[in-house]
Amino acid sequence: MANRVTINADIAKGTINRNIYGHFSEHLGRCIYEGIWVGEQSPIPNTYGIRNDVAEALKKMKIPVLRWPGGCFADEYHWKDGVGPTEARKTMINTHWGGVVENNQFGTHEFLRLCEMLECEPYISGNVGSGTVQEMSEWVEYITFDGKSPMADWRKENGRERPWKLKYFGVGNENWGCGGNMRPEYYADLYRRYQTYVRNYGENGIYKIACGPNDFNYQWMDVVMREAHWLMDGISVHYYTIPTGVWSAKGSATEFGEDEWFATLKKSLLMDELLAKHSAIMDRYDPKKRVGLIVDEWGTWYDVEPGTNPGFLYQQNTIRDALVAGLTLNVFHEHCDRVHMANLAQVVNVLQSVILTEGEKMILTPTYHVMDMYKVHQDATLLEASVSAADYVHNGEKLQQVSVSASKNEQGVLHISLCNLDHQSSAPVQIDLRGLNDRNVKVKGTELTARDMRDHNSFDRPDAVKPSAFGGIETSGNEIRVTLAPMSVTVLEVVVA
Ligand code: AHR
């Protein structure tokens with residue numbers, strides 16, 4: 001069957017919020033320490049202790065928003081331990097992640113400086129599980145109050161005269177699990193109470209994010225929306241792609257065959273159903289779609305790399321992860337009316353990272369390249385696109401072989417992202433561009449593919465999987481013909497003359 005894509009360039013479906021391209025940083029394994037923060041005395045080139053190589057790579061990728069300090073870590077974190085003279089900061093045990101000692105060298109000032117360097121929005125997760133209302137309230141005062149108050153004065157003593165701008169604030173994390181094992185009714189009451197004291201000081205308006213469900217827990221969504229929707233701006237949902245679906249044996253990041261390839265892509269596509277069902281519940285309480293669905297943790301989760309600390313969640317990243325990223329971003333675009341933000345877990349050295357580090361070395365993963373190629377969709381208008389494609393069949397199960405998403409930016413340039421899920425067969429695709437009034441188009445593209453489904457970048461071969469110019473584009477009027485390589489992610493740029 002011929003693969004046909006139809007794009008209606010004159011039918012806008014919404015705006016792709018740039019924050020869908022967000023990331024997540026947690027005090028977990030080597031994400032913060034080593035991955036982002038090396039300290040000012042480190043021989044690794046840094047600015048105020050933040051690695052220059054990592055900061056530059058994230059800036060190039062146009063990271064729009066960064067979530068911190070967790071994750072499960074957030075509901076054990078006491079922010080006051082992480083401000084003030086570094087030598088006097090308390091240590092704590094990071095009980096969730098390897099039981100290591102956390103020395104609090106990276107705290108509020110360091111995180112907000114990182115966001116300033118990256119020119120991205122900070123998204124802070126507050127502690128509901130083991131923290132007090134006062135503690136949460138004072139954190140917001142410390143960061144955002146521009147005047148004389150105990151917290152603002154303390155901030156100034158600690159070296160920051162002006163307040164920071166802070167928009168995104170999460171009231172707890174996974175409070176159904178590591179954040180306190182609560183029932184949704186109980187959490188909803190706590191949310192109502194805690195958020196009351198998350199104040200807007202001066203011009204700073206906080207976008208409050210309630211803790212939403214884990215993947216398919218629709219009851220949690222229903223109860224928390226019912227009890228508190230008018231007091232929130234967003235509600236989170238977490239979904240991880242685990243190839244086997246079994247926590248004790250999730251599968252290897254690099255040693256796998258077609259069974260795991262197929263299962264991983266299939267599971268990642270469940271994101272579509274998940275968002276549709278959660279959105280439908282939210283519609284009952286919020287039909288005008290004011291409240292954003294915030295997918296603030298997503299990505300692949302495999303067994304840790306052999307020989308590494310099981311509590312550090314360090315995993316490699318292959319072309320399979322690139323496909324998961326491309327497919328999931330295409331799904332997020334489709335749900336842009338509800339999905340206002342998403343944060344890939346986690347930015348460096350943990351789960352589906354865009355960057356891996358080893359000492360002074362840094363590599364970009366295939367997932368990085370997809371995020372970088374797709375950045376052209378940030379804040380663009382989603383166009384109506386449909387696909388009629390062959391099936392990719394494995395063991396009697398099938399997936400549509402080609403996934404597509406298209407957008408138009410402010411300059412009128414179209415971008416079309418295409419994924420070929422089949423690791424063996426290429427996919428010829430005919431793209432019909434409608435709504436252009438027969439104006440001429442100029443098309444070029446970039447593709448990411450590999451020879452083997454296990455291909456990945458390593459510290460010895462950092463460029464084994466990297467994007468290249470996409471060849472063989474044929475145009476005739478408003479029709480484009482391309483052939484997608486097996487297991488590939490391609491982004492086309494269409495300039496309308
Ligand atoms: O990303 C790792 C952990 O997964 C996070 O800390 C937690 O929120 C989730 O369960």
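## Packing of α7 and α8

In this predicted model, the α7 side of the contact with α8 is formed by Glu260, Trp261, Thr264, Leu265, Ser268, Leu269, Met271, Asp272 and Leu275, which meet Ile319, Arg320, Leu323, Val324, Leu327, Thr328, Val331 and Phe332 of α8. Sorted by class, the residues of this contact comprise 11 nonpolar, three polar and three charged.

Helix α7 spans residues 258-285 and helix α8 residues 319-334, and the two pack with their axes 10 Å apart at an angle of about 15°. Angles under 35 degrees count as roughly parallel, and α7 and α8 are therefore described as roughly parallel to each other. The crossing in which α7 passes α8 is right-handed.

## Packing of α8 and α9

Helix α8 also packs with helix α9 (residues 366-374), where the two axes come within 7 Å and cross at roughly 35°. From α8, the contact draws on Ile319, Asp321, Ala322, Ala325, Gly326, Leu329, Asn330 and His333, while α9 contributes Pro366, Thr367, Val370, Met371 and Tyr374. Eight of the residues in the contact of α8 with α9 are nonpolar, four are polar and one is charged. The crossing of α8 and α9 is right-handed.

Asn317 belongs to the loop between β12 and α8, and with a relative accessible area of 0% it is buried. The side chain of Asn317 makes a polar contact with the side chain of Thr367 at 2.9 Å, and it also reaches the backbone oxygen of Ser353 at 3.2 Å. Beyond its neighbours within four places in sequence, Asn317 is in contact with Gln352, Ser353, Thr365, Pro366, Thr367, Asp455, His456 and Asn457.

Ser353 sits in the loop between β13 (339-345) and β14 (355-358), and this serine is likewise buried, its relative accessible area being 0%. The side chain of Ser353 reaches two backbone oxygens, that of Val350 at 2.7 Å and that of Gln346 at 2.9 Å. When neighbours within four places in sequence are set aside, the contacts of Ser353 are Asn317, Gln346, Val347, Val348, Thr365 and Thr367.

## Ser458

Ser458 is placed in the loop between β22 (441-448) and β23 (468-469), and its relative accessibility of 22% makes it partly exposed. The side chain of Ser458 reaches the backbone nitrogen of Arg461 at 3.0 Å. Apart from neighbours within four places in sequence, Ser458 is in contact with Gln316 and Ile363. The C-alpha atoms of Ser458 and His335, which are 123 residues apart along the chain, are separated by 34 Å.

Helix α6 (residues 218-228) has Trp220, Met221, Asp222, Val223, Val224, Met225 and Ala228 as buried residues. The buried residues of α6 pack against α5 (184-196), β10 (207-210), β11 (234-241), α7 and β12 (292-300).

Val133 lies in helix α3 (residues 133-144) and is buried, with a relative accessible area of 12%. Residues up to four places away in sequence not being counted, Val133 touches Arg193, Tyr194 and Tyr197. Although Val133 and Tyr194 are 61 residues apart along the chain, their C-alpha atoms are separated by 5.5 Å.

## Backbone features in loops

A cis peptide bond, with omega about -15°, joins Ala345 and Gln346, and Gln346 is found in the loop between β13 and β14. The peptide bond from Gly70 to Gly71 is also cis, with omega near 20°, and Gly71 is located in the loop between β5 (65-68) and β6 (92-94).

Positive phi values occur in residues other than glycine as well. Glu34 has a phi near 85°; this residue lies in the loop between β2 (22-24) and β3 (46-47) and counts as partly exposed at 41% relative accessibility. Lys289, with a positive phi of about 60°, is in the loop between α7 and β12 and, at 26% relative accessibility, is partly exposed.

How values were computed. Residues are numbered from 1 along each chain as its sequence is written. This is a predicted model: local features need pLDDT of at least 70, side-chain atom pairs count only at pLDDT 80 or more; totals for chains, interfaces and linings use all residues. Side-chain values use heavy atoms; hydrogens and water are left out. Axes are lines fitted to C-alpha atoms, for helices over the stretch in contact, and angles run from 0 to 180 degrees between N-to-C directions. Helices (H or I, at least four residues) and strands (E, at least two) are DSSP runs, numbered from the N terminus. Angles under 35 degrees count as roughly parallel, over 145 as roughly antiparallel, 65 to 115 as roughly perpendicular and the rest as oblique. A crossing is left-handed if the near helix is turned anticlockwise from the far one by less than a right angle, and right-handed if clockwise. Contact means heavy atoms within 4.5 Å. Ala, Val, Leu, Ile, Met, Phe, Trp, Tyr, Cys and Pro count as nonpolar, Asp, Glu, Lys and Arg as charged, and the others, Gly among them, as polar. Buried means under 20% relative accessible area, exposed over 50%, partly exposed in between (1.4 Å probe, protein chains only). A polar contact is a pair of N or O atoms within 3.5 Å; within protein, one must be able to donate a hydrogen and the other to accept it, and residues adjacent in sequence count only if both atoms are side-chain atoms.
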